[in-house]
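The sequence and the structure come first.

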Amino acid sequence: MVLKPDGWEDELGRNQSLPSSKLYFWNIMGEKLLLGASLESRRPIKEPMGAEKDSTRVTTIVFVALLIDLLGFTLILPLLPSILDHYSKNDDGFYRTLQNGVDWFAEAIGMPPERKYNSVLFGGLIGSIFSILQFFASPLTGAASDYFGRKPVMLLTVIGLIISYTLWAISRSFGLFLFSRVIGGISKGNVSLSTAVIADLDSPKARSKGMAMIGVAFSLGFTFGPMLGAYLAMEKGKGDIFYLQSAILATMFAVTDLVFIVLFLPETLPKGKRVSSVISGFQSAAGLVSPWALFRFSAVSQRMDSLSEKSKSFSFNLKILGLVYFLYLFLFSGLEYTLSFLVHQHFQFSSMEQGKMFFFIGMTMAVIQGGYARQIKPGNELKAVKRAIMLSVPAFLLIGWSTNMIILSAGLLFYSFAAAVVVPCLSAVVSGYGSASQKGAMMGILRSLGALARAFGPITSATGNCGCMCKCACAYVCMFSS
């Protein structure tokens, strides 16, 4: 078989700059999925030295920019319960109205009647609102970047985050605080744009490593950001509101991120590869924000479906990958949400002990992503995903049935491994589909599926802790046996 030159795209618009062998997806829906063209050689074509250096530079810039962003974003996480208590004690009218609705919901799903659990549920619902906003914003942001370019749209989202953090810093009512979170949710499309920038890279090897580095940025951000936010809350000045310093620092992080992107981030989508018009970039509003259309990847698969049986097979594979991505994050976010309840009830963990637990999880993920995940060769991502999801089964069971710290730690170790591998690898596989002008919309759709999963996973899992862990483990088993 004659190998095509670097940068060649097939009739689907799928990047074929490196050969790929037959990759078989596991038996999720009773059949194997063939990804990539069948090429005889398994040895990748070496990139020119200049192209390799450019890819490394872009990956490094995206990693630093995303890490700065996530450090600012995660500062609020350990403060949210205290912020809710603050507005509750101040007898904020808008807060009290919403709390009555949360109390009714907690009673309906059988949550413990203690106020502390209702406060956590309230925070979870605020987080769900944030995720729902991301669900709508991510594909629209990605599609806009397919026409205007990655860098201008990313700068716009960072400006939105600066406004959000500024409103948080000056907020003295719960209504203004909630509005700041709404602005932040709409502006968080910069994460999907980061994946789109990595997807623009020509080499599958560079894309795979880039997705792994995005995972490392998440691990480090969620490891150090919450600890820094908690420390600043303890060091508040006399007369200052406890969250003021964290809000100011988050704003400074966002401003720094804006300057860094302006100075260093190159435009990775040349004008010649962009969609011809805004209308063609967005496809249709229904194709970008409708859950059904998102699961079908309608905004990027319409062209595939019109070509051949082979292209329809590729389109089907893309839909299955999106479904697996959603199901994994739906179950993962359920554990992520109920983990704090479990260790509080079973092990009486204090806030500091929970902080240490999440620090352990974050550092373990960073080590795995920076070491193992980065070394996964193009074409082997799905095998790595399968192994990682299989490890999620003992993770859920060990955490749910843990009676001592040794069992809990073993479960958290498996949990961290799966969390470090699944999302970056699935993102790398999906990024190989579509033409250069479709990658922004495609990665935005994938990000929205994750946001949708995170919006409903925690609420669904709130019916029980240990029972939730066992149900999730059974769901993973069914994923492979059905």
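## Helix packing and buried contacts

In this predicted model, helices α8 and α9 are oblique to each other. Their axes cross at roughly 135° and come within 8 Å, α8 covering residues 204-234 and α9 residues 244-264. On the α8 side the meeting residues are Leu228, Gly229, Leu232 and Ala233, and on the α9 side they are Gln245, Ser246, Leu249 and Phe253. Five of the residues in the contact of α8 with α9 are nonpolar, three are polar and none is charged.

**The chain as a whole**

The protein chain has 19 helices and two strands. Of its 482 residues, 55% are buried. When contacts between residues at least 6 apart in sequence are considered, 79% of them join residues at least 24 apart.

Helix α3 (residues 93-108) and helix α6 (residues 174-187) have axes that come within 7 Å and cross at roughly 70°. This angle makes α3 roughly perpendicular to α6. From α3, the contact uses Phe94, Tyr95 and Leu98, while α6 supplies Phe174, Gly175 and Leu178. Sorted by class, the contact of α3 with α6 holds five nonpolar residues, one polar residue and no charged residues.

Helix α5 runs over residues 150-170, which is 21 residues. From its first C-alpha to its last, α5 reaches 31 Å, close to the 30 Å expected at 1.5 Å a residue. Because 15 of the 21 residues of α5 are buried, this helix is largely enclosed by the rest of the structure.

The largest nonpolar core has 119 residues, and the members that touch the most others are Ile83, Trp168 and Phe174. Beyond residues up to four places away in sequence, Trp168 touches Ile76, Leu79, Ile83, Phe177 and Ser180, as well as Tyr243, Ser246, Ala247 and Ala250.

**Residues of helix α9**

Ser246 is located in helix α9. Its relative accessibility is 0%, so Ser246 counts as buried. Apart from neighbours within four places in sequence, Ser246 is in contact with Leu75, Leu79 and Trp168, and with Gly229, Leu232 and Ala233. Gly229, Leu232 and Ala233 are among the α8 residues that meet α9.

Leu244 also belongs to helix α9. With 19% relative accessibility, Leu244 counts as buried; the cut-off for buried is under 20%.

Thr74 sits in the loop between α1 (49-73) and α2 (80-89). A relative accessible area of 0% makes Thr74 buried. Setting aside neighbours within four places in sequence, its contacts are Gly221, Phe222, Gly225 and Pro226.

Tyr433 occupies the loop between α17 (405-430) and α18 (439-461). Tyr433 is buried, again with a relative accessible area of 0%.

Ala410 is part of helix α17. At 28% relative accessibility, Ala410 counts as partly exposed.

| Pair | Apart in sequence | C-alpha to C-alpha |
|---|---|---|
| Thr74 and Gly225 | 151 residues | 5.0 Å |
| Leu244 and Ala169 | 75 residues | 5.5 Å |
| Ala410 and Pro394 | 16 residues | 9.1 Å |
| Tyr433 and Ala199 | 234 residues | 9.3 Å |

Gly225, the partner of Thr74 in the table, is also one of the residues in contact with Thr74.

Terms used
Residues are numbered from 1 along each chain as its sequence is written. This is a predicted model: local features need pLDDT of at least 70, side-chain atom pairs count only at pLDDT 80 or more; totals for chains, interfaces and linings use all residues. Side-chain values use heavy atoms; hydrogens and water are left out. Axes are lines fitted to C-alpha atoms, for helices over the stretch in contact, and angles run from 0 to 180 degrees between N-to-C directions. Helices (H or I, at least four residues) and strands (E, at least two) are DSSP runs, numbered from the N terminus. Angles under 35 degrees count as roughly parallel, over 145 as roughly antiparallel, 65 to 115 as roughly perpendicular and the rest as oblique. Contact means heavy atoms within 4.5 Å. Ala, Val, Leu, Ile, Met, Phe, Trp, Tyr, Cys and Pro count as nonpolar, Asp, Glu, Lys and Arg as charged, and the others, Gly among them, as polar. The expected span of a helix is 1.5 Å times one less than its number of residues. Buried means under 20% relative accessible area, exposed over 50%, partly exposed in between (1.4 Å probe, protein chains only). A nonpolar core is a set of buried Ala, Val, Leu, Ile, Met, Phe, Trp, Tyr and Cys residues joined through side-chain atoms within 4.5 Å.
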